[in-house]
Amino acid sequence: DHADDSVEVSYGRALLGFSGSVGDYSWDISGQYSRSDGDYISDQIFDDSVTSSWFQNGSCVGQTTSVRGVPCMDPRWLDPDFNNGVLTPEERAFLFGTETGNTEYTQWSIEGTVSGPLFDLPAGEVLGAIGFQYREDEIRDVPGEITLASNGWGNTAAGITEGDDSTTAIFGEIEVPVISDVPLIYNLIVNASARYTDVDSYGSDSTWKVGVNWELTPEVRVRASSGTSFRTPALYELYLANQTSFTGQRRVDPCIRWGTNLEDGSISQRLADNCAADGIAPDFTGAPISATIITGGGLGVLEAETSEANTIGIVWQPDFANLSVSADFFDIKIEDQVSQLGASTIVSACYNSDFFPTDPLCALFERRALDQGIDNIRDSYINVAEQRNRGWDLAATWVTDTPVGMLTLETQHTFQIEDTVALFEDTAQDFNGEVGEPKWTGRVSAALQNGAWSGAWVANIIGDASNYDSFGGNTVTLRGGRE
């Protein structure tokens with residue numbers, strides 16, 4: 001039958017602010033309130049109508065359905081008209097229903113800052129700023145009655161997602177001109193900032209950043225920064241009520257026909273070895289019963305995301321041309337990123353893991369003893385233990401007048417030297433140089449502007465990438481979407 005899904009959202013936001021100055025100091029304070037109220041409407045097939053009457057040994061007339069408790073009837077399952085969508089009004093009323101779910105999200109906050117000069121140094125004026133923020137967030141998601149009762153045939157079952165959180169923050173920043181007009185230090189400025197944040201659902205933490213801008217000469221500048229950050233899990237990530245859904249085995253089980261797939265080069269030797277070690281036959285054709293996927297929030301389990309970023313680079317801007325050339329080294333480490341991996345990713349990564357079967361991903365699903373099918377995949381929000389990226393960013397821009405207009409030549413390149421991901425502690429793998437994570441990416445462009453006319457040529461560069469070493473061969477068949 002025809003499915004009709006729709007979403008209706010009403011959103012409102014109010015903002016009020018004041019600003020002013022006292023002497024050399026500027027101040028501002030503002031508050032905002034926002035509310036989103038959305039209804040999501042969907043057609044459903046009643047699960048109890050299907051299971052009560054589908055392929056019974058006899059008629060179910062005289063009985064009642066298990067969830068709604070309505071009189072049972074026998075739809076014409078094998079009638080050609082029925083299978084072509086020609087249903088009687090009674091059959092439609094028995095099999096189909098419409099439900100409406102609702103999501104409300106509200107947020108209000110107040111924030112204020114004061115900024116201005118603090119004192120003078122020989123190299124210039126020291127500037128500073130301080131501020132505060134208080135914010136409250138609240139979410140309430142109520143699925144429709146059919147979903148709440150787990151009575152949608154072939155669809156997700158879900159509960160009520162409800163929770164609130166409050167955040168208090170105090171922050172400050174200072175900019176100090178340290179020295180100027182001496183040999184090799186035309187100008188040296190240090191910028192530092194710090195923030196203390198307390199989140200009701202998590203606790204408190206402090207973050208900071210320090211930056212240095214060192215002009216050796218008016219043409220050559222060294223820049224560097226080091227800083228930290230953190231993000232607490234969002235309300236949805238914390239309070240999402242448990243949900244269940246279903247998917248076909250061929251979408252999640254990488255061990256189906258692993259013997260044949262190994263011969264034709266569509267899977268790695270590691271995957272084949274791990275499937276064999278799990279007792280899966282080379283000609284296993286998959287289980288007939290769908291896999292159950294269970295998702296939910298991480299209240300009491302999730303940690304806040306934290307990161308540390310360090311950069312250092314040099315910029316050359318000669319006075320003889322409108323030219324800028326820069327090179328920057330970056331080192332970024334993220335810990336405990338909040339993520340939902342996806343059911344197929346969990347199972348596939350387990351069987352492709354160097355750490356099978358002790359990889360913690362392998363504990364997030366089960367195989368049924370009866371038919372060896374994948375089941376109960378727990379795809380709730382988790383913390384990714386650590387991710388790290390290191391590399392170089394190179395960029396150059398040249399702007400010049402020509403007889404036919406203003407010409408701008410620009411190029412940017414990133415050379416990655418590390419791309420490590422550890423989903424769990426002691427499971428780190430470096431994907432640098434593999435498919436999807438090339439060591440070199442870049443962009444080259446040329447633009448010509450003449451009055452109201454302009455033209456541009458752009459080329460994007462993606463360097464070589466190979467899964468040969470980790471895959472164990474030189475061919476790959478992507479399993480996504482394979483039925």
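Which strand holds Ile377? The views below, all from a predicted model, start there.

**View 1. Ile377 and its surroundings.** Ile377 sits in strand S16, which spans residues 377-378. With a relative accessibility of 0%, this isoleucine counts as buried. Setting aside neighbours within four places in sequence, you will find Ile377 in contact with Val252, Ala291, Thr292, Ile293, Ile294, Ala343, Ile346, Val347, Leu364 and Phe365. Cys362 lies 15 residues from Ile377 in sequence, and their C-alpha atoms are 9.8 Å apart.

**View 2. Asp371 in its loop.** Here we turn to the loop between strand S14 (366-367) and strand S15 (374-375), where Asp371 is found. Its relative accessible area is 16%, so Asp371 is buried, the cut-off being under 20%. The side chain of Asp371 makes a polar contact of 3.1 Å with the side chain of Arg368. A polar atom of the Asp371 side chain also lies 2.9 Å from the backbone nitrogen of Gly373. Beyond residues up to four places away in sequence, Asp371 touches Phe284, Ala287, Pro288 and Ile289.

**View 3. The buried side of helix H8.** Helix H8 covers residues 269-277, and its buried residues include Leu271, Ala272, Asn274 and Cys275. These four lie on the same side of H8, because they cover an arc of only 165 degrees around the axis. As a reminder, an α-helix has 3.6 residues a turn, so residues three or four places apart point the same way. Helix H7 (258-263) and helix H9 (343-351) are among the elements that cover the buried residues of H8. Look just after H8 for Gly279, which takes a positive phi of about 80 degrees.

How values were computed
Residues numbered from 1 in each chain as written. Predicted model: local features only at pLDDT ≥ 70, side-chain atom pairs only at ≥ 80, totals over all residues. Heavy atoms only, no water. Helix = DSSP H or I, 4+ residues; strand = E, 2+ residues; numbered from the N terminus. Buried < 20%, exposed > 50% of the residue type's maximum accessible area, 1.4 Å probe, protein only. Polar contact = N/O pair within 3.5 Å; in protein donor to acceptor, adjacent residues only side chain to side chain. Contact = heavy atoms within 4.5 Å. Arc of directions from axis to C-beta.
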